[in-house]
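Subject: Structure for you to look through

Dear colleague,

I am passing on the structure we spoke about, and below it I have written up what was found in it. Please keep the viewer open while you read, so that you can look up each residue as it comes up.

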Amino acid sequence: MMVLVLIVAGLVVVALLMVLFAPYIRKYSAGGTCMSMARLDGKTVLITGANTGIGKETALDLAIRGARVIMACRDVEKGEEAAASIRRVYSKANVEVRELDLADTSSIRAFAQRLLREVDHLHILINNAGVMMCPYVKTNDGFEMQLGVNHLGHFLLTYLLIGLLKRSAPARIVVVSSLAHNVGWIRFHDLLSQGSYNSGLAYCQSKLANLLFARELARRLKGSSVTVNSVHPGLVRSELVRHSTILSLLFSLFSLFLKSPRDGAQTSIYCAVAEELHSLTGKHFSDCAPASVAPQGRNEETARKLWDASSELLGIVWDH
């Protein structure tokens with residue numbers, strides 16, 4: 001009985017301390033903030049997955065800076081709701097919603113074809129959309145969903161738009177990766193998880209793939225005035241963990257220590273607008289500062305091998 005009383009008392013003390021220090025905890029958890037006041041008047045920005053979370057917050061910030069923001073969303077209805085909420089915050093926001101399903105290469109190609117017909121310039125591409133720890137399911141093209149959406153979908157989208165980005169140079173590409181890349185490995189023997197599947201490991205593989213793609217693309221674009229950098233947004237309160245009961249519970253219990261979507265968007269915004277990054281490419285950022293990369297994320301041979309494997313899966317050949 002005494003032990004139970006002590007446990008309850010301890011929990012009460014912890015809860016009181018958390019309430020007392022909540023403002024300080026939240027300030028610390030928020031991480032870095034983009035301090036750049038750069039304007040984007042006359043610039044066109046494309047953000048995938050911009051209907052919610054850090055994508056929506058990134059769209060809001062860049063719209064306030066004067067950019068034309070194209071919000072590429074799988075669910076157009078939710079995208080329009082997000083666009084409307086952005087306009088309520090900033091009535092002059094030039095935001096438009098276009099349908100893009102990264103789990104379907106035909107949707108990606110249709111999206112790109114329409115964009116190339118209707119848009120003359122593209123100055124910033126933010127590959128933000130993602131899925132996390134979902135049950136095993138395949139994309140329309142037979143790819144494992146997390147690798148298919150997080151990596152292959154963005155790989156194809158960037159391939160289709162790279163010519164426009166180069167013609168619009170100076171231009172920037174921002175790839176949203178994750179700290180999870182540290183425990184990720186590219187399983188070339190079973191890249192699409194057909195032999196075995198672990199949702200957590202598949203997610204980590206896809207985030208490592210994001211980072212390797214950014215570094216290899218940066219290498220290939222040297223001298224083009226198109227920069228490519230990857231970011232870790234931090235642990236953010238978002239819908240991304242909805243497929244994991246355990247993570248959803250942990251995120252609820254420790255929400256005080258998580259970033260808000262606005263906080264999580266800061267590094268993407270920083271890499272998109274910061275003046276000092278105008279020629280910096282092939283780097284990884286977190287909290288608006290350079291971040292360390294795991295050894296497997298710095299392996300050039302792995303990056304080239306993944307590039308070739310991804311191109312083969314998508315049936316494309318990069319000649320630019």
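Two residues are said to be in contact when they have heavy atoms within 4.5 Å of each other. Leaving aside the neighbours within four places in sequence, Ala272 is in contact with Ile124, Ile126, Arg172 and Val174. Ala272 itself is found in helix α9, which covers residues 261-273, and because its relative accessibility is 3%, it counts as buried. The C-alpha atoms of Ala272 and Ile173 are separated by 7.6 Å, although the two residues are 99 residues apart along the chain.

Please bear in mind that this is a predicted model. The mean pLDDT of the protein is 89, and 83% of its residues reach 70 or more. Over residues 11-19, however, the pLDDT stays under 50, and the model has three contacts beyond four places in sequence for this stretch. The pLDDT is also below 50 over residues 21-29, a stretch that has eleven contacts in the model beyond near neighbours in sequence.

As for the protein as a whole, there are ten helices and eight strands, and 55% of the 320 residues count as buried. Among contacts between residues at least 6 apart in sequence, 77% join residues at least 24 apart. The accessible surface comes to about 15,300 Å², of which 58% belongs to carbon and sulfur atoms.

Next come the charged side chains. Side chains of opposite charge can pair when their charged atoms come close. The count comes to ten salt bridges, and Glu216 takes part in one with Arg219, where the closest N and O atoms are 2.7 Å apart, as well as in one with Arg220, where the closest N and O atoms are 2.9 Å apart. Because Glu216 and Arg219 are three residues apart in helix α7 (residues 199-220), about one helical turn separates them, and about one helical turn likewise separates Glu216 from Arg220, four residues apart in helix α7. Glu216 counts as buried, at 3% relative accessibility, whereas Arg219 is partly exposed at 40% and Arg220 is partly exposed at 33%.

In helix α10 (residues 300-314), Glu300 and Arg304 lie four residues apart, about one turn of the helix, and they form a salt bridge whose closest N and O atoms are 3.9 Å apart. Here Glu300 is exposed, with a relative accessible area of 53%, while Arg304 is partly exposed, at 34%. Finally, a network of salt bridges links Arg68, Glu96, Arg98, Arg114 and Glu118.

Conventions. Residues numbered from 1 in each chain as written. Predicted model: local features only at pLDDT ≥ 70, side-chain atom pairs only at ≥ 80, totals over all residues. Heavy atoms only, no water. Helix = DSSP H or I, 4+ residues; strand = E, 2+ residues; numbered from the N terminus. Buried < 20%, exposed > 50% of the residue type's maximum accessible area, 1.4 Å probe, protein only. pLDDT = per-residue confidence, 0-100. Areas by Shrake-Rupley, 256 points an atom, 1.4 Å probe, with all protein chains shown as cover. Salt bridge = Lys/Arg side-chain N within 4 Å of Asp/Glu carboxyl O.
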